[in-house]
Amino acid sequence: MPADYDGDGKADITVFRPSNGNWYRVFSNGNQISILQFGTSGDKPAVGDYDGDGKADIAVFRASNGMFYLLQTTAGYYAQRWGGVSSVPLVADYDGNGKTDLGVSGDYIAINENAGVGILFSGSGIAYSISIPISEDAFSLSGDFKGSGRDSYAVFQPANGLWRVRSISNDIVDYHFGQSGDILIRNGNAIP
């Protein structure tokens with residue numbers, strides 16, 4: 001989970017060990033190592049800049065109770081229920097306000113399921129959802145595919161190499177890139 005935790009504009013080498021809930025960080029200057037216990041076995045990392053201070057905040061999503069737990073650098077500890085037992089975190093800045101929004105989606109979406117993300121906007125607290133029609137089994141992801149300063153929801157269909165991107169303005173753009181057997185990388189994790 002490399003991210004800029006100290007606000008110096010450089011990514012810090014970081015791993016999250018879910019077996020004990022420890023975060024191990026080596027800050028970019030190479031002189032400081034940090035070990036912080038935040039989370040528990042089974043939690044999924046959900047790093048983002050939730051308080052908008054330019055520093056990545058440590059956060060986890062606990063599917064067993066549908067809760068996000070955030071340790072923000074300026075705003076402190078925060079917990080929010082958003083998601084369920086089959087959800088995976090898909091946090092991003094969907095509204096472009098410089099703060100990470102809570103987002104949950106399915107990891108693997110079968111062809112007859114609804115591909116979508118549920119978003120809780122950080123600025124307004126408004127709940128929003130985006131869905132994408134799919135023609136093959138797919139995986140969820142997010143990113144600023146348009147360079148607009150706002151992240152979009154996307155799915156990758158590995159069987160046909162289709163990336164389908166939908167922004168909160170509801171336009172859908174398709175990209176063909178990849179082939180069967182390719183591995184998707186999302187939030188530093190390989191998704192088979």
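Predicted model: local features only at pLDDT ≥ 70, side-chain atom pairs only at ≥ 80, totals over all residues.
I started with Arg 166 and looked up its bridge partner in E16, which turns out to be Ile 172. E15 and E16 pair in the antiparallel sense over 5 bridges; two strands count as paired if DSSP finds at least two bridges between them. Strands here (E, at least two residues) are DSSP runs, as are helices (H or I, at least four residues), and they are numbered from the N terminus.

Residues are numbered from 1 along each chain as its sequence is written, and side-chain values use heavy atoms, with hydrogens and water left out.

Next I checked the turn. E15 and E16 form a hairpin with 5 residues between them. Asn 170 sits in that loop, between strand E15 (162–166) and strand E16 (172–176). Its phi is near 75°, positive although Asn 170 is not a glycine. I remembered that most residues other than glycine have a negative phi.

The cut-offs are under 20% relative accessible area for buried and over 50% for exposed, with partly exposed in between (1.4 Å probe, protein chains only).

Then I went along E15 itself. I found 5 of its 5 residues buried, so E15 is largely enclosed by the rest of the structure. On one side are Leu 162, Arg 164 and Arg 166, on the other Trp 163 and Val 165. I noted the rule that side chains in a regular strand alternate between the two faces of the sheet.

On to the other neighbour. Strand E14 (residues 152–157) also pairs with E15 in the antiparallel sense, over 5 bridges, and Gln 157 has Leu 162 as its bridge partner. E14 and E15 form a hairpin with 4 residues between them, and Gly 161 in the turn has a positive phi of about 65°.

I also looked at an open sheet of 4 strands, in the order E4-E5-E6-E7 with antiparallel pairing. Its edge strands, E4 (44–45) and E7 (76–81), each pair on one side only. E6 (residues 67–72) and E7 share 6 bridges, and Leu 70 stands opposite Tyr 78.

Last, the whole chain: I counted 0 helices and 18 strands. Buried residues make up 44% of its 192 residues.
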